[in-house]
Amino acid sequence: MSRLKISVLNAGLGAALVLSLSACNRDANADVANAPAPASAPAAAPEPAGPKYARVVSVDPVRQAATAAQKECHDEVVTRRAPVKDQHQIAGTAIGAVAGGLLGNQIGGGKGRTLATVAGAVGGGYAGHEIQERRQETNTVTSTVRKCSTVPGTSGDKIVAYDVRYEYNGVTRSISMDHDPGDRVEVQEGVSVVSDARQ
């Protein structure tokens, strides 16, 4: 064969090979473009609705020790009637009689003056007695008195609270509660909010 034929044949084979490769690449690109998108990573399962619970690790009662009886004292202001020095109101009677007698003596003359003086003395004495008696009843004194009483103590230890340790998502926390929560506690954002009955 002549060289010219061989060259033409080689050129034809080369062109056929280039066209063939080009067609293959087009088919491959079309397959990639038409292929379904790869599946993404599976979505995390949503957390179940409803309350969340943490596991109680320990419950320690907090006790208040018994107390002994104690004496408690306080000052109290007391107002009482002042003691009466003249129980029969002699001073008031005497002063009233003298004053009444002097006034009665100013009235009339002779026997009338004497009667007026006696009447004035009797009336003045009675009035003086009554005035002194009323003053004695309203006369008060105030004093401070210290009063004491015994307050009974408490007997035996008394549980006043519970120190609770619980675990939620690998984190251990503590809380003080007014009752024993049981084996689990309800939580919100990892913090105990409500206790649950024993399971």
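This is a predicted model: local features need pLDDT of at least 70, side-chain atom pairs count only at pLDDT 80 or more; totals for chains, interfaces and linings use all residues.

User: How many bridges join strand 4 to strand 5, and in which sense do they run?

Analyst: Strand 5 covers residues 171-177 and is joined to strand 4. Within this pair, Tyr168 stands opposite Val171 in strand 5. The two strands run antiparallel, and the number of bridges is 7.

User: Which residue in the turn of that hairpin has a positive phi?

Analyst: Strand 4 and strand 5 form the hairpin with 2 residues between them. A positive phi of about 50° is found in the turn at Asn169.

User: Are helix 2 and helix 3 roughly parallel or antiparallel to each other?

Analyst: Helix 2 (residues 90-105) packs on helix 3 (residues 111-138) with axes 6 Å apart and an angle of about 150°. Angles over 145 degrees count as roughly antiparallel. Helix 2 and helix 3 are therefore roughly antiparallel.

User: How do the residues of the contact of helix 2 with helix 3 divide into nonpolar, polar and charged?

Analyst: Helix 2 passes helix 3 in a right-handed crossing. From helix 2 the contact includes Gly96, Gly100 and Gly104, and helix 3 brings residues including Gly120, Gly124 and Arg113. Gly counts as polar and Arg as charged. The contact residues divide into 5 nonpolar, 14 polar and 1 charged.

Technical notes. Residues are numbered from 1 along each chain as its sequence is written. Side-chain values use heavy atoms; hydrogens and water are left out. Two strands pair if DSSP finds at least two bridges between them. Helices (H or I, at least four residues) and strands (E, at least two) are DSSP runs, numbered from the N terminus. Axes are lines fitted to C-alpha atoms, for helices over the stretch in contact, and angles run from 0 to 180 degrees between N-to-C directions. Angles under 35 degrees count as roughly parallel, over 145 as roughly antiparallel, 65 to 115 as roughly perpendicular and the rest as oblique. A crossing is left-handed if the near helix is turned anticlockwise from the far one by less than a right angle, and right-handed if clockwise. Contact means heavy atoms within 4.5 Å.
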